[in-house]
Amino acid sequence: TLAQLPLKKDSPQTSNGLLLIKQQLQQKANQKLLAQTDEKFLNKMLLLTEETKISKAIDTYYLLKRTPAGVEETEVSAFCAIVLSAFATKHTISTAIASSMISFQVHNEKEKALIEEKILQQIKEALRYGVLIKKIDQQT
């Protein structure tokens with residue numbers, strides 16, 4: 001069984017009620033983000049949520065997500081883990097796509113376009129699932 005998902009050192013432990021409210025607000029913000037044009041969307045800064053962790057056990061990757069009901073453990077593909085790992089630190093979507101592309105062997109432009117599209121679809125799905133959030137600069 002899983003131990004409680006550790007949060008980052010600098011984040012306070014969040015109650016289940018507060019976590020539920022936080023996740024609902026993030027979901028609304030993510031829906032607005034997904035409705036944007038691709039040009040605006042690709043320049044947004046995203047980050048894995050504090051409640052999300054990617055874990056690897058032998059050859060299997062897991063997405064661990066702390067929720068008000070406990071920790072959700074979801075097996076994910078290596079592809080998904082590569083894409084989400086690009087957001088372990090704050091990156092724009094276009095930068096994350098480029099850094100994820102390094103992990104794949106691309107033989108021609110058609111393959112490159114296909115992989116970039118699949119990465120973008122994976123990012124959008126992660127936003128829908130609530131494991132990525134838009135990061136707002138503290139200075140703005």
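Biologist: In which sense do strand 1 and strand 6 pair, and over how many bridges?

Modeller: This is a predicted model, in which local features need pLDDT of at least 70 and side-chain atom pairs count only at pLDDT 80 or more, whereas totals for chains, interfaces and linings use all residues. Residues are numbered from 1 along each chain as its sequence is written, and side-chain values use heavy atoms, with hydrogens and water left out. Strands (E, at least two residues) and helices (H or I, at least four) are DSSP runs numbered from the N terminus, and two strands pair if DSSP finds at least two bridges between them. Here strand 1 (residues 45-48) pairs with strand 6 in the antiparallel sense, over three bridges. Leucine 47 lies opposite isoleucine 133 of strand 6.

Biologist: What is the order of the strands in the open sheet of three strands, and why is one side of strand 5 and of strand 6 left without a neighbour?

Modeller: The order is 5-1-6, and the pairing is antiparallel. Strand 5 (91-92) and strand 6 (132-134) are at the edges and have a single partner strand each, so one side of each lacks a neighbour in the sheet.

Biologist: How many residues lie between strand 2 and strand 3 in their hairpin?

Modeller: Two residues lie between them, and isoleucine 58 in the turn has a positive phi of about 55 degrees. Strand 2 (residues 52-57) and strand 3 (residues 60-67) are joined in the antiparallel sense by six bridges; one of the bridge pairs is alanine 57 with threonine 60. Strand 3 also runs antiparallel to strand 4 (residues 70-76), with seven bridges, and a hairpin links these two strands through two residues.

Biologist: Is glutamine 23 buried or exposed?

Modeller: Buried means under 20% relative accessible area, exposed over 50%, and partly exposed in between, with a 1.4 Å probe and protein chains only. Glutamine 23, in helix 1 (residues 16-34), has a relative accessible area of 17% and is therefore buried. Contact means heavy atoms within 4.5 Å. Not counting residues up to four places away in sequence, glutamine 23 touches Lys65, Arg66, Thr67 and Pro68.

Biologist: At what angle do helix 3 and helix 5 pack?

Modeller: Axes are lines fitted to C-alpha atoms, for helices over the stretch in contact, and angles run from 0 to 180 degrees between N-to-C directions. Helix 3 (residues 78-85) and helix 5 (residues 109-129) pack at about 75 degrees, their axes 10 Å apart. Residues that meet there include Phe79 in helix 3 and Ile119 in helix 5.
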